[in-house]
Amino acid sequence: MILSNLTDGLSHLFYPRLCEGCNKPLLQEEEVLCLNCNIYNLPRTAYHHIHENMTFMRFAGRVHIEKATSFAYFTENGLLQHLLHGLKYDGKKDIGNYLGKQLGHDLKQTKWANNVDIIIPVPLHPDKEAKRGFNQANIIAEGLSEILNIPVEKEFLVRKRFTESQTKKNREERLSNMKDVFALTNIEKMAGKHILLVDDVLTTGATLEACALTLLTAKDVHISIATIGIVS
Ligand SMILES: [Zn+2]
């Protein structure tokens with residue numbers, strides 16, 4: 001009894017990392033998820049193989065974008081929800097980096113991002129970022145950048161300090177409200193660039209749409225969008 005407690009204790013010393021999906025100890029080469037959870041429990045969309053996918057269509061008729069994709073389906077109580085919750089509310093940045101890298105590996109398969117010049121994460125409201133200590137989209141963008149070898153520019157697009165309830169507004173009002181939320185800091189350097197806009201989850205797309213419309217005020221830019229999750 002004592003011996004087995006001791007060996008359990010020791011094994012935790014040597015293998016303290018557990019799979020975020022099934023809580024089993026991770027192998028040395030595994031990160032965040034065990035191979036089994038990575039393969040069978042992450043509902044990948046494979047949207048990078050389909051041009052007019054659900055992510056792309058969510059922006060159709062709203063803002064001109066080149067391509068759009070999401071890594072996996074975000075479902076209630078699903079594994080992706082658990083992972084993104086851990087990232088945002090438990091400060092598990094390794095999860096964000098891991099998901100960014102997973103997205104990167106998918107995009108690399110099809111050369112999806114080959115003509116992208118810079119990655120820009122959707123900025124978080126400054127108060128939220130101060131409270132959380134980080135912007136989850138930045139962490140995801142860095143993981144993605146590691147795999148794609150495309151630089152991340154966190155300062156080009158900023159979110160102005162601005163709070164007003166969105167709930168009583170219609171779509172048009174919300175959008176014009178959102179448009180003033182973002183601003184560009186380096187409009188000359190962005191000219192002619194193909195920008196990949198990155199966020200954690202796509203729901204209505206209002207925030208990404210507002211970001212894209214702001215970015216499009218720079219000369220001759222092209223916008224693509226990639227998110228980790230999509231709420232269908
Ligand atoms: Zn697992």
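**Ground rules.** I number residues from 1 along each chain as its sequence is written, and I work with heavy atoms for side-chain values, leaving out hydrogens and water. Because the model is predicted, local features need pLDDT of at least 70 and side-chain atom pairs count only at pLDDT 80 or more, while totals for chains, interfaces and linings use all residues.

**Overall fold.** I looked up the secondary structure and found 10 helices and 6 strands (DSSP runs, H or I of at least four residues for helices, E of at least two for strands, numbered from the N terminus). I then checked contacts (heavy atoms within 4.5 Å): of those with a separation of 6 or more, 73% join residues 24 or more positions apart.

**Burial.** Of the 232 residues, 46% are buried (under 20% relative accessible area, 1.4 Å probe, protein chains only). Cys37 is buried at 1%, and Cys34 also counts as buried, at 10%. I looked for disulfides (cysteine sulfur pairs within 2.5 Å) and found 0.

**Second largest pocket.** I noted a volume of about 170 Å³ here (the space filled by probe spheres set on the grid points, which are joined across faces, edges and corners). A pocket is an open set of points on a 1 Å grid over the protein atoms alone, with protein on both sides within 12 Å along at least five of seven lines; lining residues have an atom within 4 Å of a point. The lining includes Pro121, Glu129, Lys154 and Arg159. β3 (157–159) gives the largest share, 3 residues, and α6 (126–132) supplies at least two.

How values were computed: Buried < 20%, exposed > 50% of the residue type's maximum accessible area, 1.4 Å probe, protein only. 1 Å grid on protein atoms, 1.4 Å probe; cavity = no way out; pocket = protein on both sides within 12 Å on 5 of 7 lines; lining within 4 Å.
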